[in-house]
Amino acid sequence: MPMTLLPETIRAAKRTEGITYAVRDIVTLAHEVAKTGREMLYLNIGDPNPFDFETPPHLIEAVLKAMRENRNGYSPSSGIPCAVKAVREESERNGIRNIQDIFITSGGSEAIEVCLAALVDRGDNVLIPYPGYPLYEAVLAKLEARPQPYLLDEADGWQPDIADMRRRIDEKTRAIVLINPNNPTGAVYTEKTLRSVLDLARERNLLIFADEIYDQLILDAGKKHISIASLDPEAPVITFNGLSKGYIAPGWRIGWGVVSGNVELLRPYVAGINKLLRARLCANHPMQYAVAAALNGPKDFQKAALDKLRRRRDITHRMLNGAGISCVRPEAAFYAFPKLDIDMPDAEFVQGLIKATGVVAVHGSGFGQKPGTKHLRVVYLPQEPVLEKAYGKLLAYLAQNAR
Ligand code: PLP
């Protein structure tokens, strides 16, 4: 009888081993719990559309028109001219000068990935915030480069700790990632903070990755978002943004990058970015027609969204400050990052919370945090009664598990 050899399993590349994405990783557990019939209250994912937020009709019309006019082929690799022009004008309105390049991508995520891939060699490192959005760590792992965390200071309203940032820079550091407004803390950075980051970047010859995907979602009238690139036209900065958050169209996967700063400094890097952009053909073509409609069209839908978010932020801040929990008041976006006074790891707390209550939040360690501290990230997109119910359950579960 011929011997049948079992085929060897197909091994995954080592670079995938360290890759985690807590926001989606916990969903597997949540789905298992949901199968048991328990009511689930999802406070884990930063997607407005499953809640009472809708993509504005004028964006949908622009895309439909493009599809009907058969703009369904590939587009130029940097994006369609009218979208690039709209992003340029919007960037200029935000005070960004010396723009060297603009490209439209499949979400801000692809712009970030392309710009990191064009920058780092194996062994280089990039400063990323802790806590911070986990995409940067995942992409750097893929590129065999090293994420170098710097701390955000909870005692200072989650502004970056500039002294810590300075300590983390070494000869292999290539860039500083700044997420402003911030996910997961909801903080908006002050001009003083931004100027300190610029000084440090200039001193150490570093590029700045300015992730400003939440810049349209500033909750308080007195607060203003400042694009870091607007403070120094010579500083090499890439500003990332897109339609996902402020324009309520995350599933369309449209984002962009704006490279600004000294032309001589940036020339080789911009050429590298464009090689990678050409190699992946283009972003979704018909959806790019929504960019000009979004940036130049009516903004009343944003006011309505901000009114809802402000009320939900206030409930979150009021309810998540008390015994065993404290929460810095978020100033933007739809996230809060309350601190937990518990003995167990926060990942364990979250697993127990999902199983016992059906409330799905993400553990702070999924975003990185100061050693020894424990947090939760909550997304306050659901309607007020849902939030009140979820926070009630969370507080009752915490009371059983607090120190
Ligand atoms: N940057 C931050 C800070 C985010 O929170 C997100 C999404 O949650 C992204 C980038 C990616 O957004 P996009 O949908 O444009 O890829």
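Colleague: Is W158 buried or exposed in this model?
Modeller: The model is predicted, and the state of W158 follows from its relative accessibility of 3%. Buried means under 20% relative accessible area. W158 therefore counts as buried.

Colleague: What is the phi of W158, and where does the residue lie?
Modeller: W158 is found in the loop between strand 4 (146-153) and strand 5 (159-160). The residue is not a glycine, yet its phi is positive, at about 65 degrees.

Colleague: Which residues do ring pairs link into a cluster with W158?
Modeller: The structure holds eight aromatic pairs. Ring pairs join W158 into a cluster with F337 and F367.

Colleague: Is L281 buried, partly exposed or exposed?
Modeller: L281 is not a glycine and has a positive phi of about 65 degrees. Its place is the loop between helix 9 (263-279) and helix 10. Buried means under 20% relative accessible area and exposed over 50%. With a relative accessible area of 40%, L281 is therefore partly exposed.

Colleague: Are helix 3 and helix 10 roughly parallel or roughly antiparallel?
Modeller: The axes of helix 3 (residues 57-68) and helix 10 (residues 289-296) come within 8 Å and cross at roughly 155 degrees. Angles over 145 degrees count as roughly antiparallel. The two helices, helix 3 and helix 10, are therefore roughly antiparallel.

Colleague: How many residues of the contact of helix 3 with helix 10 are nonpolar, polar and charged?
Modeller: Helix 3 contributes H58, L59, A62, V63 and A66, and helix 10 contributes Y289, A290, A293 and A294. The residues of this contact divide into eight nonpolar, one polar and no charged.

Colleague: What is the geometry of the aromatic pair of Y214 and F334?
Modeller: Both Y214 and F334 are buried. Their ring centres lie 5.8 Å apart, with 90 degrees between the planes. Planes over 60 degrees apart count as edge-to-face. The pair of Y214 and F334 is edge-to-face.

Colleague: How many residues apart are Y214 and Y335?
Modeller: Y214 and Y335 form an edge-to-face pair, 5.4 Å centre to centre. Y214 lies in the loop between strand 7 and strand 8, whereas Y335 is in strand 11. The pair thus links distant parts of the chain, 121 residues apart.

Colleague: What is omega for the peptide bond that joins N180 and P181?
Modeller: P181 lies in the loop between strand 6 (173-179) and helix 8 (191-203). The bond joining N180 and P181 is cis, and omega is about -5 degrees.

Terms used: Residues are numbered from 1 along each chain as its sequence is written. This is a predicted model: local features need pLDDT of at least 70, side-chain atom pairs count only at pLDDT 80 or more; totals for chains, interfaces and linings use all residues. Side-chain values use heavy atoms; hydrogens and water are left out. Axes are lines fitted to C-alpha atoms, for helices over the stretch in contact, and angles run from 0 to 180 degrees between N-to-C directions. Helices (H or I, at least four residues) and strands (E, at least two) are DSSP runs, numbered from the N terminus. Angles under 35 degrees count as roughly parallel, over 145 as roughly antiparallel, 65 to 115 as roughly perpendicular and the rest as oblique. Contact means heavy atoms within 4.5 Å. Ala, Val, Leu, Ile, Met, Phe, Trp, Tyr, Cys and Pro count as nonpolar, Asp, Glu, Lys and Arg as charged, and the others, Gly among them, as polar. Buried means under 20% relative accessible area, exposed over 50%, partly exposed in between (1.4 Å probe, protein chains only). Rings of Phe, Tyr and Trp (its six-membered ring) pair if their centres lie within 6.5 Å; planes under 30 degrees apart count as stacked, over 60 as edge-to-face and the rest as tilted.
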